[in-house]
Structures are given as structure tokens and as C-alpha cells.
Amino acid sequence: MSTTFRSRIRSYYEDLSKGDQRLADFLLENSKEASRYSIQELAENTGLSTATISRFAKKVGYRNFQELKLTLNQVSDETNDFFLSLNDNDDYLTIAEKTCQINIHSIQATQAMLTEKDLQKTIDILLGSTTCGFFGMGGSAVVALNAYHKFLRMPIHCFHHEDFHIQLMQAAKMTAKDCAFVISHTGRNKDTMELINVLKKNDVPIIGITSYAGSPLAQASDIALISISEETFYRPEAISSVVSQLSIIDTLFLIYGIKMKTKAQKSIDKVREIIQETRL
């Protein structure tokens, strides 16, 4: 089964209707057969209408049913069982190998979810902003801090703070001339959504990074960038998602630096010069 399709379905699944979930389950369990069905044949095998199937394809990010079918037909070289097969009997080197493969798989699946259009729109927002704020709670605060640490090297004013109340105050002072990165694995955290409400009242462009495309955060954001993660018995999905989210931040940092060219290089050189003075 296509890794891209499986990852995409996982990111939308919780917010699908019961009928759409039933269709998703059928496609996940019968991907090879379904890749050969016409939309009419799939409707007959699932008891759903062709209109429902067509709408489903668009709900999960495809232009039409034919594009969804093409993705089903692209069989992944990796099997999902491998990524979930960490066990007590593995030696340490095997665990290291499987951990690295899990991370590689998550990054590849995240890459498949990115689009040129979303990246372009995100960079346009960044280039047009006076200030950029990075917001996140819990494990997502780690990603926000990493993003802040990177973008401090760029010619844009930015800020980050781990305390929720300070984040609220920072959000309250932002304007439409600024932009905000809001990071949340589930996209359902109450504090995160309170921040979203404050930002939206001030017309601040919001770039959301989450693992769930149908989540409240994704729906409220001007741009939603989807991170894919692989959950194992010993490592929850939320922890695994950090690797994918860091890769998204790295991508945006590099694109922004390339677009800013000379200004970015001067800013980076200044930071390097100051940091170099701390070396022994």
C-alpha cells in the first residue's frame, strides 16, 4: 500500500464521518484490489454512492478519485509492520537501526504531504512579516524553540516563550503585519486554540504545523503543514512527530534564507561572529 495514502488517511481519519471512515478502512485493507476498481465498482463493494467516494477523495486532499486511485497503485517498498516491530528481544544495534528507519519513514511521509503551493504561501507570509512568533505547548514547545533558535539567524524579528500566559500576551500584541507559527501534534489542545482565537482577532496570519489535517488547528490556520509520525509501543506518536516537525522547520528556514540571499548571509555572519567569541 502506498505510504503516502496511509499517512494521509491517518492525518484526516479522526475528523471523517462514519461513512468516510468505513470507506477509508476498506481502502486501507484492500488497497491492491481497490486500485483496480472503477468508482462504480468501489461503490458496489462498499455500499456507498459514487458521489460519496468522489467527495471523500477531495476531503483527504486529492483532486479527484483518479488521483487517489493512482496513489493506491503505488506500492511502498516498506511495510508498516517493520516500523511497529520493536520488541524486548532486539539487541541495541537493532533498536538503533529500527529507530532511524522509523524517523526516515516519518520524514519521507511528511515530505509527501508538502505541496509547492503551501510552501510558497508560507514563504510569502514570512517575507511580508515584520515579526514572527513561535507558539507551542509541551512537546511542541521544543519544536517552537528550535524554530526560534534557527530564525534568530535570519533578518526577521522573532520571539518565543514557553509560558502559556506570556504566549497569550505576546499574541495579544501582534498585528496583521506579523505572522505566527502555531505547533501542535493533535491540533486540539485547548490552550493552543485559545492562542489561535487571540491571533485571529488581531488578523495575524497563522501557519499551523500539526499531524492531523482535519484538526481545529489545521482548519483555523491560513496554512496547515502536516507532519507525519510513526507510533511504536515504546514511543508515542506525539514524541515521534517532533522529528517530522523539525524537518518542516528546517525546510522553511532554508527556503527563507535562499529568498533573502544577501541579507540572510549578513545576518548569519553576524551571529556566527558573536558565537565564535564564546569558543575556546
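Predicted model: local features only at pLDDT ≥ 70, side-chain atom pairs only at ≥ 80, totals over all residues.

Colleague: Why are α2 and α4 called roughly perpendicular to each other?

Modeller: Helix α2 and helix α4 (residues 39-46) pack at an angle of about 105°, and their axes are 11 Å apart. Angles of 65 to 115 degrees count as roughly perpendicular, and the two helices are therefore described in that way.

Colleague: Where is D20 placed, and why does D20 count as buried?

Modeller: D20 belongs to helix α2, which covers residues 18-29. Buried means under 20% relative accessible area; D20 has 2% relative accessibility and therefore counts as buried.

Colleague: What makes the pairing of the D20 and K59 side chains a polar contact?

Modeller: The cut-off for such a pair of N or O atoms is 3.5 Å, and the side chains of D20 and K59 make their polar contact at 2.6 Å. Beyond its neighbours within four places in sequence, D20 is in contact with T52, F56 and K59.

Colleague: Which residues have the most contacts inside the largest nonpolar core?

Modeller: They are L126, F151 and F181, in a core of 29 residues. Its largest share, 7 residues, comes from α14. Apart from this core lies another, of 27 residues, which includes A34, I53, V60 and A213.

Technical notes: Residues numbered from 1 in each chain as written. Heavy atoms only, no water. Helix = DSSP H or I, 4+ residues; strand = E, 2+ residues; numbered from the N terminus. Buried < 20%, exposed > 50% of the residue type's maximum accessible area, 1.4 Å probe, protein only. Polar contact = N/O pair within 3.5 Å; in protein donor to acceptor, adjacent residues only side chain to side chain. Contact = heavy atoms within 4.5 Å. Axes fitted to C-alpha atoms, helices over the stretch in contact; angles between N-to-C directions. Parallel < 35°, antiparallel > 145°, perpendicular 65-115°, else oblique. Core = buried A, V, L, I, M, F, W, Y, C linked by side-chain atoms within 4.5 Å.
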